[in-house]
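Subject: Structure handover

Hello,

Here is the structure I promised to pass on. Please open it first, then read my notes below.

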Amino acid sequence: MTDNSATVQVLQALGGGVAGGLTRSLVQPFDVIKIRFQMQVEPVGKHEHMSKYRGLLHAFGNIYKEEGLRGIWRGHNSGQVLSISYAVVQFWSYERFRVIAHKMPFFDDRPLLLYFLCGGLAGCLGTMVAQPFDVIRTQVVAADPSSKRSRMGSLRGLRFIAATEGLRGLTRGMFFTLAQIFPLVGANFLIYKYLNALVLFIVKKSNPDHNIPGFCLFVNGALAGVAAKFLVYPADLIKKRIQLHGFQQDRQTFGRNPVCPTAKQCFMNTLKDEGLSGFYKGVSPTLLKSGISSAFYFTIYDYINRYVIHPAQDREEKRRKEELAKRAEPKKASWT
């Protein structure tokens, strides 16, 4: 596999950004519900009358009643910055890692390992770039609607958190995030690519161009997103609670606040106060969001890959072959 040109790499990054931005627009309400559930110490259940949120539909209705349509989409701007910056770096770096790995004979016979490692490393790089925006988005969604923090934009949030909490505040939960993002994204790519390979194997006789139908891409992306997210969900909950440590004064209307200064203390306090089920609070909207987002995420990028990036690669490959052919032509003798 040849190295991609700068033009192709830019197209890959832009394709990732488009996929990330469009997907964020569709799934932001589910992210709001997930974060609200994750921050709630009280049980989530329809018979839990002392709890702020008792279920998916109850939470949507409650937020709309108290905060309006804006509340359901709270944190969308910072979420867009997060999603686009993450997706740009993730898809660009995944393609770069894949090119490098294909040059190593070890990975030729181990494609699933290649997908897992390249996806996991790409996810970590994307996370390192986007982590400050994740902290801002989480705090905007989780704060009281009447607080100034709930109305922070991305740039204002960066300045505010940097001034009040320093670099540590902007990177809060980074180590724990990387620990859970590597297997999450690695498994996501692995499962998605494996399911696509199964589809190609089944329809290869009727599909000489090896183009997977869009419906299959969508379903495979959804299945990959749900399966991968379920595996690492408890780590995501702990990460969110760590990111929100230190601003309980902006969360007076949501009931008790989780006490999570460190990952270890967060784990022990959650287990003590909420039991094992506490680690899966918000799992329903999360799996729904993960399935939808992963389905659109991969499908949009693969369509951009099919109709924009691959044709650009083919044109460059054609030019390279023409240049090599010209160089290989014998020089005509010059007569004087």
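A charge sits over a ring if NZ of Lys or CZ of Arg is within 6 Å of the ring centre and within 35 degrees of the ring normal. Arg306 and Tyr303 give a case of this: the charged end of Arg306 sits over the ring of Tyr303, 5.1 Å from its centre. Please keep in mind that this is a predicted model.

Now the helix packing. Two packed helices are described by the angle between their axes and the distance between the axes.

Take H1 and H10. Helix H1 covers residues 6–39, and helix H10 covers residues 283–328. They pack at an angle of about 170°. Their axes are 9 Å apart. Angles over 145 degrees count as roughly antiparallel, so H1 is roughly antiparallel to H10. The residues of this contact between H1 and H10 divide into 21 nonpolar, nine polar and four charged.

Next, H5 and H6. Helix H5 (residues 111–142) packs with helix H6 (residues 154–170) at an angle of about 105°. Here the axes are 10 Å apart. Angles of 65 to 115 degrees count as roughly perpendicular, so that is the label for H5 and H6. On the H5 side, the contact is made by Gln131, Pro132, Phe133, Val135, Ile136 and Gln139. On the H6 side, the residues are Ser154, Gly157, Leu158, Ile161, Glu165, Gly169 and Leu170. The residues of the contact of H5 with H6 divide into seven nonpolar, five polar and one charged.

On to the aromatic rings. A pair of aromatic rings is described by the distance of the centres and the angle of the planes. The count comes to 17 aromatic pairs.

One of them is Phe37 with Tyr53. Their ring centres are 6.4 Å apart and their planes are at 55°, so the pair is tilted. Phe37 lies in helix H1, and Tyr53 lies in the loop between H1 and helix H2 (56–72). The pair therefore ties together parts that are 16 residues apart in sequence. Both Phe37 and Tyr53 are buried.

Phe106 and Phe107 also pair. Their centres are 5.2 Å apart and their planes are at 85°, so this pair is edge-to-face. Phe106 is partly exposed, at a relative accessible area of 43%. Phe107 is buried, at 13%.

Phe91, Tyr94, Phe189, Tyr192, Tyr297, Phe298 and Tyr301 form it.

Ala59 lies in helix H2. Its relative accessibility is 1%, so Ala59 counts as buried. Not counting residues up to four places away in sequence, Ala59 touches Ile33, Phe37 and Tyr53. The C-alpha atoms of Ala59 and Ile33 are separated by 6.8 Å, and the two residues are 26 residues apart along the chain.

Gln9 is in helix H1. Gln9 has 18% relative accessibility, so this residue counts as buried. Leaving out residues up to four places away in sequence, Gln9 touches Asn4, Trp92 and Arg96.

Thr177 is in helix H7 (residues 174–203). Thr177 is buried, with a relative accessible area of 2%. Not counting residues up to four places away in sequence, Thr177 touches Thr127, Gln131, Lys239 and Gln243. Gln131 is also one of the H5 residues in the contact with H6.

Best wishes

Terms used
Residues are numbered from 1 along each chain as its sequence is written. This is a predicted model: local features need pLDDT of at least 70, side-chain atom pairs count only at pLDDT 80 or more; totals for chains, interfaces and linings use all residues. Side-chain values use heavy atoms; hydrogens and water are left out. Axes are lines fitted to C-alpha atoms, for helices over the stretch in contact, and angles run from 0 to 180 degrees between N-to-C directions. Helices (H or I, at least four residues) and strands (E, at least two) are DSSP runs, numbered from the N terminus. Angles under 35 degrees count as roughly parallel, over 145 as roughly antiparallel, 65 to 115 as roughly perpendicular and the rest as oblique. Ala, Val, Leu, Ile, Met, Phe, Trp, Tyr, Cys and Pro count as nonpolar, Asp, Glu, Lys and Arg as charged, and the others, Gly among them, as polar. Buried means under 20% relative accessible area, exposed over 50%, partly exposed in between (1.4 Å probe, protein chains only). Contact means heavy atoms within 4.5 Å. Rings of Phe, Tyr and Trp (its six-membered ring) pair if their centres lie within 6.5 Å; planes under 30 degrees apart count as stacked, over 60 as edge-to-face and the rest as tilted.
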